[in-house]
Number of protein chains: 2
Amino acid sequence: MPAPKTAISPTREVDYPEWYQQVIKAADLAENSSVRGCMVIKPWGYQLWENIQRALDDMFKATGHQNAYFPLFIPMSYLEKEAEHVEGFAKECAVVTHHRLEPNPDGGLRPAGKLEEPLIVRPTSETIIGATYAKWVQSYRDLPILINQWANVVRWEMRTRMFLRTAEFLWQEGHTVHATAAEAIAETEKMVDVYRDFAQDWMAMPVIVGSKTAKERFPGAVDTLSIEAMMQDRKALQAGTSHFLGQNFAKAQDIKFQSEKGGVEHAWTTSWGVSTRLVGALIMTHSDDDGLVLPPRLAPTHVVIQPIYKGDSRAEVMAEAQSLRDEIAAQSYAGAPVRVTIDDRDIRGGEKKWYHVKRGVPIRLEIGPKDIAAGTVFCGIRNQPKSFGISRSELVSTIGTKLETLQSELFAAALHLRESNTVTITNEADFRDFFSTQNEDKIHGGFAHAYFADEDALEPLLKELKVTIRCVPRGDNTTPGTCFLTGRPAEKKAVFAKAY
Amino acid sequence: MPAPKTAISPTREVDYPEWYQQVIKAADLAENSSVRGCMVIKPWGYQLWENIQRALDDMFKATGHQNAYFPLFIPMSYLEKEAEHVEGFAKECAVVTHHRLEPNPDGGLRPAGKLEEPLIVRPTSETIIGATYAKWVQSYRDLPILINQWANVVRWEMRTRMFLRTAEFLWQEGHTVHATAAEAIAETEKMVDVYRDFAQDWMAMPVIVGSKTAKERFPGAVDTLSIEAMMQDRKALQAGTSHFLGQNFAKAQDIKFQSEKGGVEHAWTTSWGVSTRLVGALIMTHSDDDGLVLPPRLAPTHVVIQPIYKGDSRAEVMAEAQSLRDEIAAQSYAGAPVRVTIDDRDIRGGEKKWYHVKRGVPIRLEIGPKDIAAGTVFCGIRNQPKSFGISRSELVSTIGTKLETLQSELFAAALHLRESNTVTITNEADFRDFFSTQNEDKIHGGFAHAYFADEDALEPLLKELKVTIRCVPRGDNTTPGTCFLTGRPAEKKAVFAKAY
Ligand SMILES: [Zn+2]
Ligand SMILES: [Zn+2]
């Protein structure tokens, strides 16, 4: 039996990484640029990012944060002060050494105007923001500082993949300063909860919240919390992190304050971020072999109407399509009007249908003379294999519910995939079996929950199997157990997985 | 008689440039960073920029544009292809030559991993976007392309001033491609009109729309339209530009398409942009010797309530302040709820008052036990010298109107300043007189409308007086006249001014 024809080739089953690239291409989300490792985010992809930004920004503001903007460049000396941080972050970065171009005697241009001190294009802004905060903070009255920045950052990645790992990417970085450890810890928790809520409620992507182990932490952090999601190839993707930095950065950057009692103390800081990687996570969580699948809450367009007509029925059909559009736009979904458009381009109906399917539009409607006569429309919902006829009035009155249903079905499907591919493991043999594969290219494995006693002792095995500890899930460590590898008593249970 | 005490020192009259810096400082808008020429935009300043962005972005989308994102870096070879463009824009720029930091044997770090081809941090994105469009455009069916980008750009400025001229700044750049010259010209006009409407309706800043002369055009443009505003020191500030690029960039970048008739043609392109410079324009248009003055449509906060109490009246006053806030928040202004906050910080009333005055909050309310007893509040409107008592119910019901009135009074005041300092000039003596000053530091001059025959012939005089041609105003050139300098017949009347 031949496989059913799919809009994306290869399918997920055949070649997952290549399927991912093809979905991005077919949905017109982004493309590689001529600048190594940098992508062009195309309008459909950028609208997704704008919707992500808008939702997160509202959540940041609702939790008391304000936005600000700090310089793109970091003096090299700032990085020299923080060896551990540089080791982790700033080694592979873009270095500005000149501030002018001049004509080359052989033709063309050449760099001129050498800088006294090289500047680094920010790979993250901890150091420059910390130096600024050190000037702002004098007294406990200046605290807390609760600031977020939306920005571009650059890390010179050797192997890039659109949205998941690019040299330049877009992100937000929150940087906060507090008078006490307790307040800073509460902030760290609050922001990972914001990320969890955003991932689950907006992206329809179930996540596990937990702490990173010592070896997986952000360089210089005391505690790194993350949200971890399972992609359809059963690999984990870290989708957001929130760091409790203790007094480490405050000491390196000299952020100190006169306390209420009168002494001078170093402050307690946090940082937290998500990036355009979320778009990659969204793609890999929901999309199928026909292309992108968008959760309605983030979809730039909820409903597209395709008028179907030949020559002389055009006026009638277009009038009907417009009145249908207006009625749908008057409906609401998730507290705002339904976003609906008419696609009246002069291209073949089949081509037009697949155009919107591949771009993940949640609901696609067709209306032609026969539908008008019958008082019906033909309706395709992106996660359902078959389109169906429905009375026009019923369609309009249930459009909000249909979007809600799709949003929750996408979440449920992703949760089901994760639950179906999650095991609890208590010994090395099962661990090896779970993470070994007969065929390198095939999808295998998933999330393994297992007790472990000593991170160092695990290292050779994890390295061999290319598995990482994703996190120690929050609230999942109430009873002690036995290390799956050494059999020793263990206090912590972690989630293990192959990861992006 | 001693001068009345002002919150900002020096006053505009005494030292305008220093007054500008002090307003920025007092209003907490921004500060210089430790990176040469780069500023930190603080939360109050960034909220202003966010409001500017939001309003403009809505206008761009309403005129059919979509956002996208292109790489921060431009390969040096792209600039080598466009000599004229580089001459104008890319000479002073940040050049990335290395992609790694490594430990220096003498301690510290040093650049390593030399790039084969240097990368330029974008001073503007014409070249990289053009190279991308060349791939996207094949047929007339692919046109028009109507894309905007919100981004940071870098120009290595030697003398910087916050918001007005900084090495890194934030902006938007629209880049569009069309099949015909007429369409591209219409786009250029449409976008300068968007800028004019935004300046006048949102910023309350009157502007003159016109064409730049050949010498003042964007490098490579066929026509540059700009909006020009008069600051309170009577200098001009170019607040936005819209360029008709003809086929010049399309030829350099090989953007061509199969036309409807069948041949292959080069496309017609435009670009248009505004930047964080608008914040500088806003400051210099409306602020006074007590600090920032914000047009209500862009103010992050419309109304601030200061509860006035001593110890035991706190509960009563706070309850009243909260109910007042809720009633005001239920009112609307410019189609959205009034933005109102309570400032309950534990600082002296006078200090608190001046804090908000200096930050330009449009309306400041005080409410204490006596006001509660009398059913009144004490109200200060930012452009009025005296606060006044008003019945609470009247205040609530007229709050939207008061904001509207303030918005139009600010526009009227700025227009009055411009009209009062605009002259028509017909001979050299008057021109010299208007633009000469007895005292270098004093405010003088303004806008001079004058016919001119030949831009080159004006150059020595303009250079001597440090005057520039701002633009040839649109619709102001219906009848020919006589050149003010040469007495020759002249077709064009321009606005001359000293400028930022
Ligand atoms: Zn210290
Ligand atoms: Zn060509």
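Select strand β7 of chain B and look along it: B:Ile145, B:Ile147, B:Gln149, B:Ala151 and B:Val153 point one way, B:Leu146, B:Asn148, B:Trp150, B:Asn152 and B:Val154 point the other way, and all are buried (buried means under 20% relative accessible area, exposed over 50%, partly exposed in between, with a 1.4 Å probe and protein chains only). In a regular strand the side chains alternate between the two faces of the sheet. The strand, residues 145-154, is mostly covered, with ten of its ten residues buried; helices (H or I, at least four residues) and strands (E, at least two) are DSSP runs, numbered from the N terminus.

This is a predicted model, in which local features need pLDDT of at least 70 and side-chain atom pairs count only at pLDDT 80 or more, while totals for chains, interfaces and linings use all residues. Residues are numbered from 1 along each chain as its sequence is written, chains are lettered from A and ligands numbered from 1 in the order in which they are written, and side-chain values use heavy atoms, with hydrogens and water left out.

Then show β8 of chain B (residues 168-178), which runs antiparallel to β7(B) and is joined to it by ten bridges, with B:Thr176 as the bridge partner of B:Leu146.

Finally, centre on the zinc ion (ligand 2), coordinated by B:Asp254 (OD) and B:His266 (NE2) at 2.0 to 2.2 Å. B:Asp254 lies in the loop between α7 (248-253) and β12 (256-258) of chain B and B:His266 in strand β13 (residues 264-266), so the pair ties together parts that are twelve residues apart in sequence. Donors are N, O and S atoms within 2.8 Å of the metal (3.2 Å for Na, K and Ca), and water is not among the atoms, so sites may look incomplete. B:Asp254 is partly exposed at 41% relative accessibility, and B:His266 is partly exposed at 24%.

Conventions:
Two strands pair if DSSP finds at least two bridges between them.
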